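Me: I am new to this structure and would like to understand the terms used for it. Please set each value against its definition as we go.

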Amino acid sequence: VQLQASGGGSVQAGGSLKLSCTATPSGRTFDSYAVGWFRQAPGKEREFVAAIKWTGSRTWYRDSVQGRFTISKDNSKNSVYLQMISLKPEDTAVYYCGATGRVPTPPSMLQSERGIDYWGQGTQVTVSS
């Protein structure tokens, strides 16, 4: 599967952005993939942000974004979204979407880079104070 991330930009603290990750499935339909969002700030390692089960019935978030970010999946559009509100300067990073077809995926795996088999290119999110 090929992934294309989009929707990044520059906003002031407290603002909102919605990231999109659109998939081009290959051999399997998108509803058989679990998807995660990760981010990498300058000088830091890539970290887990949010993930959604292949069925879309469960979601997971890192503590610092819980209540501010919402991940959703629209299999009919081969897309996963990350709605981000109340953005903070510390949310500034390049955001990546990733997918795995190894389902069901243990949550611990889905929240780790080792659980991701396919990556999209990143999209920059910059939050100014």
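Reply: Let us begin with contact, which here means heavy atoms within 4.5 Å. By that rule, and not counting residues up to four places away in sequence, Leu 17 touches Gly 7, Gly 8, Gly 9, Val 11, Leu 82, Gln 83, Met 84, Leu 87 and Val 125. This is a predicted model, in which local features need pLDDT of at least 70 and side-chain atom pairs count only at pLDDT 80 or more, while totals for chains, interfaces and linings use all residues. Residues are numbered from 1 along each chain as its sequence is written, and side-chain values use heavy atoms, with hydrogens and water left out.

Me: Why is Leu 17 called buried?

Reply: Buried means under 20% relative accessible area, whereas exposed means over 50% and partly exposed lies in between, with a 1.4 Å probe and protein chains only. Leu 17 has a relative accessible area of 13%, so it counts as buried.

Me: Which order do the strands of the open sheet take?

Reply: The four strands run in the order E1-E3-E8-E7, with antiparallel pairing, and the edge strands are E1 (2–6) and E7, each of which pairs on one side only. Six bridges join E7 to E8 (residues 79–84), and Phe 69 stands opposite Met 84 in E8.

Me: What makes a set of residues the largest nonpolar core?

Reply: A nonpolar core is a set of buried Ala, Val, Leu, Ile, Met, Phe, Trp, Tyr and Cys residues joined through side-chain atoms within 4.5 Å. The largest such core has 30 residues, and those with the most contacts inside it are Trp 37, Phe 69, Leu 82, Met 84 and Tyr 95. A second, separate core of seven residues includes Ala 34, Phe 48, Ala 51 and Ile 116.

Me: How do you know that Cys 21 and Cys 97 form a disulfide?

Reply: A disulfide is a pair of cysteine sulfur atoms within 2.5 Å, and the sulfur atoms of Cys 21 and Cys 97 are 2.2 Å apart, which meets that limit. A search of the whole structure finds one disulfide. The pair links distant parts of the chain, with Cys 21 in strand E3 and Cys 97 in strand E9, 76 residues apart.

Me: Why is this disulfide called right-handed?

Reply: The torsion about the S-S bond of Cys 21 and Cys 97 is about 70 degrees, so the disulfide is right-handed. Cys 21 is buried, with a relative accessible area of 0%, and Cys 97, at 0% relative accessibility, counts as buried.

Conventions
Two strands pair if DSSP finds at least two bridges between them. Helices (H or I, at least four residues) and strands (E, at least two) are DSSP runs, numbered from the N terminus.
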